[in-house]
Amino acid sequence: MAAHGAGAHGQHGNPADLDAYIARMEEPERARWQKPDEVVAALQLKPGQVACDIGSGPGYFSLRLARAVGESGHVFAVDVEPRILKALRKRIESSQAKNISPVLALADDPLLPQNACDLILIVDTYHHFPDGAAYLHRLSRSLRPGGKMVNIDFHKRELPVGPPLEHKVSREAFLKDARAAGLKPVGEHEFLPYQYFLVLQP
Ligand SMILES: C[S@@+](CC[C@H](N)C(=O)[O-])C[C@H]1O[C@@H](n2cnc3c(N)ncnc32)[C@H](O)[C@@H]1O
């Protein structure tokens, strides 16, 4: 994911060239800075839990979350772009990860049930929400008691990867929205070179 792509823009803040966008999200090189195994380990998921991946894309994290919660657990992979969910469905089919449900959501509503998630994960997606604080408030209703919300996003500075600077949401701006939505930070990890990693609870 070197950048979101210059030039024409499509819907929901995505680039117009969705095939290139999907390829960038899944490129093996991403693991060098995204450290997906360390991220999933830090989420401390247990078998049988329910994880919700908001702005799942083609499933970079959803498939890994599905392995972490195991066959007795479940993952809701939420995205607004049907073509991206189509790519996710293909990956579900080929990996036989049958504990993932793709959810074609609305831009301002993940369409998740209340009290459904032990973990809500948002990666590189927060800046796509039309009203971040309102969206977080809505999302928090889908957390089970004791559940956690995690936001991982690019620091608002020039970086070799990620969206253009003007699209990035700084850690401080995100925390302001989170507090307005009734969420407080309960943890933070600092092992990612380009992104902040915040853990929140209502
Ligand atoms: C930069 S990608 C990140 C994908 C994935 N989280 C990852 O780390 O590979 C952002 C994703 O958010 C989706 N998206 C955009 N607006 C959204 C919204 N309002 N609600 C849910 N997903 C959204 C896009 O379609 C895209 O798949």
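I looked up the crossover and found that β4, helix α6 (residues 132-140) and β5 form a right-handed β-α-β unit; right-handed means that, with the strands pointing away from the viewer, the path from the first strand over the helix to the second runs clockwise. Helices (H or I, at least four residues) and strands (E, at least two) are DSSP runs numbered from the N terminus.

The model is predicted: local features need pLDDT of at least 70, side-chain atom pairs count only at pLDDT 80 or more, and totals for chains, interfaces and linings use all residues. Residues are numbered from 1 along each chain as its sequence is written, and side-chain values use heavy atoms, without hydrogens and water.

I then checked strand pairing (at least two DSSP bridges). β4 (residues 117-123) and β5 (residues 143-154) run parallel, joined by six bridges, with L121 opposite V150 of β5. Six bridges also join β5 to β7 (residues 195-201), here antiparallel; M149 has L200 in β7 as its bridge partner.

I next listed aromatic pairs and found seven. Rings of Phe, Tyr and Trp (its six-membered ring) pair with centres within 6.5 Å; planes under 30 degrees apart count as stacked, over 60 as edge-to-face and the rest as tilted. The W33 and F154 pair is tilted because the planes stand at 45 degrees, with centres 5.7 Å apart. This pair joins helix α2 (residues 31-34) to strand β5 across 121 residues. W33 is buried (under 20% relative accessible area), at 4%; F154 is buried at 1%. W33 also forms a tilted pair with Y194, at 6.0 Å and 55 degrees.

How values were computed:
Buried means under 20% relative accessible area, exposed over 50%, partly exposed in between (1.4 Å probe, protein chains only).
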